Amino acid sequence: MSGAVWVAIAAAVGNLLQGWDNATIAGGVLYIKKEFKLETNPKLEGLIVAMSLIGATVVTTFSGPVADSLGRRPMMIISSICYFFGSVMMLWSPNVYILLVARLIDGLGVGLAVTLVPLYISETAPTETRGLLNTLPQFTGSGGMFLSYCMVFGMSLMEKPNWRLMLGVLLIPSVIYFALTVFFLPESPRWLVSKGRMSEAKKVLQRLRGREDVSAEMALLVEGLEVGADTSIEEYIIEADTGLAEDLDPAVVKEQIKLYGPEQGRSWVARPTTGQSMLGLASRQGSIQNPSGSLVDPLVTLFGSVHEKFQEHGSMRSIIFPTFGSMFSMGGKEPKNEEWDEENISVGNDEEPLEDDYDGEGDDENNLHSPLISRQATSMDKDIAAPSHGSLFSMKPGSIIQGSEAGGIGGGWQLAWKWTERDGPDGKKEGGFKRIYLHPEGDAGSKRGSLVSLPGGDATGETEYIRASALVSQPALYSRDLMDQQSIGPAMVHPSQAAGKGPSWRDLLDPGVRRALVVGVGLQILQQFSGINGVLYYTPQILEQAGVGGLLANLGINSTSASFLISALTTLLMLPAIAVAMRLMDLAGRRSLLLTTIPVLIVSLILLILASVISMGATAHSVISTICVILYFCFFVMGFGPVPNILCAEIFPTRVRGLCIAICALTFWIGDIIVTDTLPMLLNSVGLGGVFGMYLVVSIISWVFIYLKVPETKGMPLEVITEFFAYGARQKND
């Protein structure tokens with residue numbers, strides 16, 4: 001297994017502790033209320049359970065900004081410490097007030113783990129397996145619940161079950177989690193890049209990916225620090241460079257992107273096409289169009305077009321460059337395979353040639369005088385126009401833009417840059433780089449007889465080509481105020497210069513961020529009010545009311561112990577369901593899993609309601625209730641359980657990801673508190689059937705919301721996802 005898999009498994013231990021805590025308090029509260037005589041005080045009983053949620057809510061309010069400042073790893077270390085001290089206090093708990101404080105401290109650890117683990121895994125996982133690895137927290141959480149319920153069941157068979165021991169055993173896995181966070185987990189490479197710690201980020205990526213060359217992904221992380229402006233969707237034909245540029249329209253030659261292969265003398269070019277792109281069906285000439293009267297968000301249509309039209313094999317690996325280990329370039333006939341790293345090159349000093357300052361050994365992570373893209377001396381190709389003297393960008397002849405593995409950034413996407421020029425207000429030519437996220441639309445074919453029209457004439461000869469769509473925008477870190485200072489490529493500003501800005505609340509007003517917040521917050525609200533956490537916390541009591549004790553009474557097991565056993569078996573059945581979800585998360589996709597599993601939740605809830613209102617035998621009632629609860633749990637953990645956290649960790653830009661995830665997590669915990677605190681009173685007032693009726697209504701609303709508002713994000717790099725959100729939101733506003 002790759003390093004990213006082991007790192008994800010270690011990080012997900014934090015969620016195992018959360019699941020363990022959920023199950024132990026669900027069982028322990030039955031004995032706590034007897035010792036402290038809470039049978040007539042359901043509010044205090046609910047507060048004991050909800051105190052952990054209050055702690056999680058409090059810590060979530062600042063966890064995002066603090067994680068953006070201190071890093072993801074230190075916050076997970078703090079989470080493990082809170083788990084440890086909370087469990088020690090619960091083991092002691094001489095009275096209900098100490099227990100409440102212990103639950104509060106324990107909740108701090110829970111809140112940090114639930115908020116940061118999905119974020120951390122998303123930032124460290126490869127694009128192709130990000131969904132699978134980010135389902136691990138759901139798997140370990142359910143695994144922790146199973147182990148805990150088994151322990152609670154065994155202790156319930158004792159003459160005097162010890163609830164303090166039930167809750168205090170949490171300190172053992174908390175010590176393991178502490179050791180993993182301190183000695184094994186690396187810091188997130190995206191966070192390191194955002195702080196300008198490039199050497200550390202490179203080493204972490206090499207460990208996570210299991211290879212030395214991570215240049216393309218390093219370039220992606222730098223570009224991902226900001227969402228590009230002036231975004232558009234364009235179409236290209238990619239073919240071998242035949243060297244016949246003089247036969248083409250000069251405008252086409254100027255716009256082409258050159259792609260160089262490892263073999264000497266072999267290169268490919270991408271040329272713009274006027275034919276209708278497959279992706280262009282969702283966005284034509286820069287505008288998103290929906291069928292008349294459709295309620296589906298145009299952003300959903302745009303993402304859907306990406307996944308429908310990009311064939312599956314093309315989305316999992318590069319079919320444009322099957323053997324390329326090279327780069328995207330603006331010039332140069334025989335590029336070297338130089339690795340991305342910090343180089344001791346003086347930036348912005350016109351008196352000393354940049355090419356002569358590199359000594360090849362610059363590893364100082366705080367060196368702000370180092371380019372982010374490797375360079376080499378070479379002459380510009382004659383068919384690429386060099387910037388004029390009056391251009392906005394100062395690019396010295398001889399500079400190139402270089403990445404590895406054909407600029408592959410995951411999921412079949414490629415990262416490149418191109419040079420563009422236009423007439424400025426003063427009549428002079430203004431030039432600049434544009435960033436391109438490129439993806440193939442189909443298999444390679446012969447250009448002869450193609451339906452695609454190329455400006456400047458048709459292809460000559462039988463050359464292979466492939467069609468690709470491109471998301472084109474301004475490079476993130478090439479700002480206008482630095483155009484006259486540096487001359488080493490598009491991603492020219494060292495990240496630490498941009499990182500000093502930090503996230504701002506004003507960034508939340510960006511149209512793409514606002515749209516993503518609607519999706520993230522909406523999913524968290526609906527997930528909580530579909531009732532899953534309330535059902536989990538009180539599963540033993542719910543099953544006891546449903547009469548499951550009768551199923552095991554003939555074995556001499558009392559109803560309370562029987563409910564614990566049923567809960568253990570229920571969580572055990574969740575594990576293969578989650579394993580299926582892990583397999584499907586990157587194949588079927590997040591949206592598809594939600595739309596196919598929620599109907600099963602709806603049917604299960606309908607049957608539970610009918611079982612509650614229709615008179616039937618005790619055995620039939622127990623069997624139907626147990627089967628429906630198991631179905632509800634299993635299909636919930638396949639879709640509505642993991643997907644909201646996965647999506648929230650994917651759809652926000654790097655600069656505000658921590659802040660936005662904190663907002664979504666805060667919504668999660670507030671909803672959790674409301675559901676958990678009100679469930680005992682609702683059970684007493686409207687009964688089990690009324691509670692499930694409320695959950696049924698919310699589940700139906702959830703399906704409609706997902707169908708209309710939630711896009712598919714599988715197989716797309718995080719930076720491409722946020723770029724699409726920004727593009728779609730801006731186009732709708734226009």
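Student: In which helix does Ile701 lie?

Tutor: Ile701 is part of a helix that covers residues 687–709. This is a predicted model, in which local features need pLDDT of at least 70, side-chain atom pairs count only at pLDDT 80 or more, and totals for chains, interfaces and linings use all residues. Residues are numbered from 1 along each chain as its sequence is written, and side-chain values use heavy atoms, with hydrogens and water left out. Helices (H or I, at least four residues) and strands (E, at least two) are DSSP runs, numbered from the N terminus, and the helix that holds Ile701 is H26.

Student: Does Ile701 count as buried, partly exposed or exposed?

Tutor: Buried means under 20% relative accessible area, exposed means over 50%, and partly exposed lies in between (1.4 Å probe, protein chains only). The relative accessibility of Ile701 is 47%, so this residue counts as partly exposed.

Student: How many Å in space separate Ile701 and Ser530?

Tutor: In sequence, Ile701 and Ser530 are 171 residues apart. In space, C-alpha to C-alpha, the separation of Ile701 and Ser530 is 9.5 Å.

Student: What share of the protein's residues count as buried?

Tutor: The protein has 27 helices and eleven strands. Of its 734 residues, the share that count as buried is 61%.

Student: Which residues have the most contacts inside the largest nonpolar core?

Tutor: A nonpolar core is a set of buried Ala, Val, Leu, Ile, Met, Phe, Trp, Tyr and Cys residues joined through side-chain atoms within 4.5 Å. The largest one has 151 residues, and helix H5 (residues 96–124) gives the most to it, with 13 residues. Inside this core, the most contacts belong to Leu523, Phe652 and Phe724.

Student: Which residues is Phe652 in contact with, leaving aside its neighbours within four places in sequence?

Tutor: Contact means heavy atoms within 4.5 Å. With the neighbours within four places set aside, the partners of Phe652 are Val513, Ala516, Leu517, Arg657, Cys660, Ile661, Cys664 and Thr722.

Student: How are H2 and H7 oriented to each other?

Tutor: Axes are lines fitted to C-alpha atoms, for helices over the stretch in contact, and angles run from 0 to 180 degrees between N-to-C directions. Helix H2 (residues 13–35) packs against helix H7 (residues 136–156) at an angle of about 30 degrees, with their axes 6 Å apart. Angles under 35 degrees count as roughly parallel, over 145 as roughly antiparallel, 65 to 115 as roughly perpendicular and the rest as oblique. The orientation of H2 to H7 is therefore roughly parallel.

Student: How are H2 and H5 oriented to each other?

Tutor: The axes of H2 and H5 come within 9 Å and cross at roughly 150 degrees. Among the residues that meet are Gln18, Asp21 and Ile25 in H2, and Arg103, Asp106 and Val110 in H5. The contact divides into seven nonpolar, three polar and three charged residues. From the crossing angle, the orientation of H2 and H5 is therefore roughly antiparallel.

Student: In which hand does H2 pass H7, and in which hand does H2 pass H5?

Tutor: A crossing is left-handed if the near helix is turned anticlockwise from the far one by less than a right angle, and right-handed if clockwise. H2 passes H7 in a crossing that is right-handed, and H2 passes H5 in one that is left-handed.

Student: Is Lys37 buried or exposed?

Tutor: Lys37 has its place in the loop between H2 and helix H3 (42–70). Its phi is near 55 degrees, a positive value in a residue other than glycine. With a relative accessible area of 64%, Lys37 is exposed.

Student: Does Ser93 count as buried or exposed?

Tutor: Ser93 sits in the loop between helix H4 (72–92) and H5. Phi of Ser93 is near 30 degrees, again a positive value in a residue other than glycine. Its relative accessibility is 0%, so Ser93 counts as buried.

How values were computed. Nonpolar A, V, L, I, M, F, W, Y, C, P; charged D, E, K, R; others polar.
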